[in-house]
Structure formats: structure tokens, C-alpha cells
Amino acid sequence: MIELDGAVGEGGGQILRSALTLAMITGQPFRIRNIRANRAKPGLMRQHLVAVQAALQVCGGDASGAALGSQDLTFLPGPVKGGDYAFAIGTAGSCTLVLQTVLPALLMADKPSTLKLTGGTHNPMAPPVQFLQRAWCPRLAEMGAHIDIRLERFGFYPAGGGGVEARVEPCAQLLPRTWMTRGERRAAYAEAFVAGVPGRVAQRELECVGKSMNWDEDQLLIRGLPADQGPGNALMLTLEYEHATEVFTAFGEKSVSSEQVARQVVQRARQYLVSQGAFAEYLGDQMMVPLALAGAGGFTLDEVSMHARTNAQVIEMFLPVSFDFGRQDGMDSCTVTARTTANASGQ
């Protein structure tokens with residue numbers, strides 16, 4: 001039984017999600033205490049509970065403590081089974097975080113799988129679906145994994161009501177990869193999504209982005225959505241390079257001006273551009289489990305966060321790998337290497 005303390009390091013939901021993923025894949029049970037101890041509302045929220053429930057269905061496992069608000073959970077995995085699954089989060093809780101929990105495990109299944117999720121697709125505390133489609137899935141494809149994700153309906157915070165479908169092909173072994181440079185830029189554009197929100201909000205956001213990034217009008221795109229998918233507003237910047245694509249997002253809120261929303265996303269994009277790293281912080285976080293499963297690999301990134309260091313500690317408890325955070329060619333870097341049997345037994 002692997003023992004985890006949810007208050008360690010960053011102290012958020014990623015500790016639980018990574019543990020669920022790796023327990024399903026390795027067959028190792030775990031117990032986690034102090035779940036999300038460093039959050040304003042600690043314990044399992046709706047999206048975390050659905051991640052646990054989804055994991056249980058996918059592997060036919062058993063769990064105690066799987067209830068809203070629970071701060072202690074014991075998870076006993078069974079063998080991963082491919083097939084058709086449907087999960088309803090029921091609120092604006094993130095579909096993407098649930099997907100990121102179960103998709104790596106379903107790569108190891110004996111047959112293809114389909115997942116249908118309803119809930120939040122675009123909220124401030126999770127990556128949007130376009131991040132998975134444009135940034136995450138193409139990198140996994142380079143490692144031999146084939147995952148197709150389709151956004152069927154937007155679900156903004158706080159109403160939710162969105163829909164996502166993912167199709168997963170089995171992949172017996174992920175291939176090691178390194179991403180040390182981002183390569184030549186192929187595309188750069190901004191999209192302002194509005195549903196049940198005046199179009200002038202999108203226009204002002206894009207005008208601000210255009211001035212700040214020195215982008216032309218053909219790089220500034222208004223994406224009007226049916227009013228019944230709102231109210232909601234998301235401003236998204238996509239930077240596509242030869243070896244990596246990054247997606248940065250900010251969300252419109254009451255009492256927050258369009259210009260403030262634009263400045264948020266521009267600041268994040270500029271940090272990435274100045275760094276010269278292949279990945280930005282969030283994509284780096286989400287590539288750590290796949291690289292650990294491959295047994296080797298690495299990438300440069302714009303910032304090594306406490307979130308990443310905490311994730312590394314969890315992964316190292318399940319898999320015989322070591323993470324090293326350092327510097328390469330003036331950029332922050334993350335490298336994964338396999339541990340020898342002697343080192344693994346001595347940890």
C-alpha cells in the first residue's frame with residue numbers, strides 16, 4: 001500500500017489524479033490522506049470524485065472514502081478494461097482533468113475505448129479542451145499514442161453543461177521522446193469565444209491582444225457560440241511551432257474588463273516566448289506521467305513549478321524512474337531516467 005500525503009508540496013488535486021492513473025496502470029493500491037489540503041475547500045470536490053469513480057469503472061477496482069468532501073481515500077485497482085464509458089460530472093467541474101486521469105490508463109487496455117463526459121469544458125482552474133486537442137494529444141502521438149478528442153458542446157463556469165468525447169487506441173508501450181527546442185513558428189492566433197455575451201467583449205479583447213502582440217487582423221478571431229451554451233467568455237492564444245504547440249487561456253468574469261482578460265493571457269504567452277523553452281508550465285506538468293511510463297525522455301520549459309516537483313514525487317513512488325529538474329542551454333529543463341533495481345529498492 002503506497003502512502004501519500006495530500007498536503008505535501010503543492011497540495012492540490014494533481015496528487016490524487018496522478019496516483020489514480022498510476023495505480024490503474026501498475027496495479028499498486030494507495031492510500032491518500034489530507035486530500036487537497038492546501039486548497040480553500042479541501043477534500044474531494046465533484047470533479048475529483050468523478051475522477052475516482054471513472055477510475056473505478058475503468059479498472060473494476062474498489063475504494064473507501066470516495067465521497068464529496070472526503071480528505072482520505074483508499075484505492076484498490078483491478079485490471080484496466082477497454083470499452084465504452086460515460087461520466088456526468090453534473091456541474092462545471094472539469095471534464096479535461098477527468099480525461100487526463102483515465103486516458104493514460106486506457107492506452108494500456110486490451111481494446112479501443114470511448115469516453116463521453118458532460119460537465120465543464122472551459123473553467124479557470126483547468127486546461128480547456130483545445131489544450132488537450134492542440135498541445136497534449138499531438139505530443140502523445142509522437143510517443144506512439146493515438147487519442148482523438150472532440151468538443152461537442154462548450155460548458156462554461158459556473159453553469160457547465162458541456163460535452164466531450166474521447167476515443168483511445170491501445171498502446172502497449174509509449175516511446176521515449178525529448179523536446180529541447182520548439183522549432184520554427186508555424187502559426188499564431190487569438191480566439192475570443194462568446195456565448196450569451198455581447199460581441200463587443202470579444203472585439204475589445206482581441207484589439208488589446210493585437211496591439212500587445214503586434215498581430216494582424218487575420219490572427220484575431222471572434223468565435224460566436226449559441227447563447228444557450230453560455231453565458232461564457234474565453235480568450236485563447238495558440239502558438240504553434242514545429243515541435244510544440246501551446247495554448248494560453250483567460251476567462252471573462254463579472255467586474256473584470258476585457259482589457260484585463262487580454263493582459264492576463266498576453267502576460268502568460270510572453271513569459272513562454274521569452275523563455276525559449278519547448279513547453280510552457282502546464283504542458284510540462286501533463287507530459288510527466290507519459291514520459292515516466294516510457295521510462296525516459298525530457299523537455300525544456302518556461303518554468304519549473306512546485307506543481308511539477310510535487311507531481312514528480314508522486315510518480316517516483318509508483319514507477320522506477322527519477323526526475324531531474326535543471327538547466328539546459330539557459331532554459332529550465334525536466335529529464336526522466338530509469339532507476340536501476342538497486343536504486344529503486346533503496347529509495
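The largest cavity of this predicted model holds about 120 Å³ of space. Its lining is made up of 13 residues, and those nearest the centre are Gln 14, Ser 18, Gln 100, Gln 286 and Val 289. Three helices, α1 (14-26), α3 (95-106) and α7 (281-294), each contribute at least two residues to this lining. Sorted by class, the lining of the largest cavity comprises four nonpolar, seven polar and two charged residues.

How many cavities of 30 Å³ or more are there? The count is two. The second largest cavity has a volume of about 40 Å³, and its lining consists of Pro 104, Leu 107, Met 108, Trp 136, Leu 140, Leu 174, Pro 290 and Leu 293. Two or more of these lining residues come from each of the elements α4 and α7. In class, the eight residues are nonpolar, with no polar and no charged residues present.

An α-helix has 3.6 residues a turn, so residues three or four places apart point the same way. After α4 comes Gly 144, with a positive phi near 100°.

The pockets, in turn, are open spaces. The largest pocket contains about 1200 Å³ of space. Of the 40 residues in its lining, Asn 123, Pro 124, Met 125, Ala 126 and Pro 127 are closest to the centre. The elements α1, α2 (46-59), β13 (245-251), α6 (258-275) and α7 each provide at least two lining residues, and β13 provides the largest share, with five. By class, this lining has 18 nonpolar, twelve polar and ten charged residues.

The second largest pocket has a volume of about 400 Å³. It is lined by 21 residues, of which Gly 232, Asn 233, Gly 252, Glu 253 and Lys 254 lie closest to its centre. Two or more residues are given to this lining by each of α5 (199-213), β12 (232-241) and α6; α5 gives the most, namely three. Ten of the lining residues are nonpolar, seven are polar and four are charged.

Terms used:
Residues are numbered from 1 along each chain as its sequence is written. This is a predicted model: local features need pLDDT of at least 70, side-chain atom pairs count only at pLDDT 80 or more; totals for chains, interfaces and linings use all residues. Side-chain values use heavy atoms; hydrogens and water are left out. Helices (H or I, at least four residues) and strands (E, at least two) are DSSP runs, numbered from the N terminus. On a 1 Å grid over the protein atoms alone, a cavity is a set of points where a 1.4 Å probe fits but cannot get out, and a pocket is an open set with protein on both sides within 12 Å along at least five of seven lines; lining residues have an atom within 4 Å of a point. Grid points are joined across faces, edges and corners, and a volume is the space filled by probe spheres set on the points. Ala, Val, Leu, Ile, Met, Phe, Trp, Tyr, Cys and Pro count as nonpolar, Asp, Glu, Lys and Arg as charged, and the others, Gly among them, as polar.
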